[in-house]
Amino acid sequence: MPHPNDSELFASDLEKLLRVARIKLPEMAEVYLDANHKIARTGDADTTAFTVQSRVLPSWRALRDEFQRVLGQTADNIIDTARVLERVVDHYARTDAEAAAALKKAVGDSESEMRTPGSARLAPSEMPKE
Amino acid sequence: MDTLDGAGGAEDDGFADKLMSKARKVQLAAVQKRAEEIGDGGTSHLDPAEEMALYRTQTGRVIGGDVLPGSRQWAALEDWYSWIPGIFEPFAHLPNPSNFSPIIDEMKSVIGIFGGDADHPEANYEKIDSVVWGNMDSTANYLAQWRGRAATTFDSFSDPFQQIPHNHCALAYILKQGVEANKQIFVNVRRDICAVADSTVAALLGQDFGAGTDISYELTVVAAVAGFLSTVSSFGATLPIVFGAVAAGASIGAARGSSHQKKDPSERVTGSIGGHTADTVLDSMIDATKQLTKLVGSEEDKIVEVLDRNYETITSPNEEVRRQIIAPRPRLADISGADIDTKMAPPTLRP
């Protein structure tokens, strides 16, 4: 087995980082986005269920909204981290043409797995309340 | 009990019609009973206002013989007791319990997203760990090989993820349990108000003159909340999440960490309708509806207290507590292109 040269090692580092940016972190973000989406949907039903005069509803809503804010902020932190990592990969790939070519091939081979970190953003209606 | 009046907004499931039908039966039974009491051979004297309504006189005596259905006096008695349906009216607008189900289903889904199981909350730590922490752990392990401050401080963001999915599951569980408990209040109070109406009719029609009758029924609403909020699930949560302390009658402080405390939900409370005359029976009916309204309020207050205490917990200014519900934003998320070389350097030297 030929010993990998520095460019190959470097490309391997970048590819691993890109997999974190495009697979690991987006998978995590998706958990929080899905949960956020489902929590947001309870807003459609809560007034009908509790009725507007409910003494429980204000407290339930306050806890629900804070939980949703936590979920949204966590998703944002993860997505922003993933986007920065992608920029880091781009930045270093531009410094080594051979590594960049190896990285491009690796990305092409696993295109179906890779996601764009910013593709799974919160819809405006699901944004946590400030 | 604010929820018992007003627009309701609930999908019509026929409960209002059913209850108001029972209310009219109470009214009819009251008329029938009172007609027996004041007719020929009856034991009661007329209330002056009642006499005025029936006979347009104020002699204090029955002057019309038997009060028979279809007579003007019978109609006057129906009018005299026309307030009875109004006593039941607020209960007819109770929230429809089935309208809580979509919220409960969504909260169960949220628990599932984090790897928990709402029906078996204490057996899923491993799955909760794998769903989020698995990815975060491998991410952190890889980033630990990189150099620069943004990479080396990433663990302050990643480490809390060992616990926070458990805490998120626990919060989703509390929100679900709060809704389920509130739903159960309305299931039970519907049952109880029907029991009040049925018992009143039975007490009015089932007694002999002057003998008196006492009809007892179980007040199920008092068990509604305890059955849900005292079913404690920890999900391995590290936050001091409050579950059933209030519902279980224990102090909240004492309940912290008592992750498997359960209340005996077999506690039974009964109400009763009784009296020697139509009016005393109706007085006990009014007392029963007031008691029911009060109990609904006190049961709802238990839910409110649990929810409020959990809100206080997750909005705590204590940084250590906050880190268990939301990881601090990583430096890495905010580095600019110009900072990459100094804050995020690859593990191997570039060629």
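These are my notebook entries on two chains and how they meet.

I am working from a predicted model, where local features need pLDDT of at least 70, side-chain atom pairs count only at pLDDT 80 or more, and totals for chains, interfaces and linings use all residues. Residues are numbered from 1 along each chain as its sequence is written, while chains are lettered from A and ligands numbered from 1 in the order in which they are written.

**Chain A.** I looked up the secondary structure first. Chain A has three helices and zero strands. Helices here are DSSP runs of H or I with at least four residues, strands are runs of E with at least two, and both are numbered from the N terminus. Along the sequence I read α-α-α. Of the 130 residues in chain A, 47% are buried. Buried means that 20 or more other C-beta atoms lie within 10 Å of the residue's own; exposed means 12 or fewer, partly exposed is in between, and C-beta atoms are placed from the backbone. I then checked contacts with a separation of 6 or more: in chain A, 90% of them join residues 24 or more positions apart. A contact needs C-beta atoms, placed from the backbone, within 7 Å.

**Chain B.** Here I found 14 helices and two strands. Chain B has 351 residues, and 47% of them are buried. Among its contacts with a separation of 6 or more, 75% are between residues 24 or more positions apart.

**Interface.** I counted 49 residues of chain A in contact with 54 residues of chain B. On the chain A side, helix H1 (6-50) and helix H2 (57-93) are the elements giving two or more residues. H1(A) supplies the largest share, 24 residues. By class, the chain A side has 20 nonpolar, 14 polar and 15 charged residues. Nonpolar covers Ala, Val, Leu, Ile, Met, Phe, Trp, Tyr, Cys and Pro; charged covers Asp, Glu, Lys and Arg; the others, Gly among them, are polar.

**A helix pair in chain B.** I looked at H1(B), residues 15-38, and H3(B), residues 72-80; their axes come within 9 Å and cross at roughly 125°. Axes are lines fitted to C-alpha atoms, for helices over the stretch in contact, with angles from 0 to 180 degrees between N-to-C directions. The two helices are therefore oblique to each other. Under 35 degrees would be roughly parallel, over 145 roughly antiparallel, 65 to 115 roughly perpendicular, and the rest is oblique. Val31(B), Arg34(B) and Ala35(B) of H1(B) meet Trp74(B), Leu77(B) and Glu78(B) of H3(B). I class this contact as four nonpolar, no polar and two charged residues.

Technical notes: Contact = placed C-beta atoms within 7 Å.
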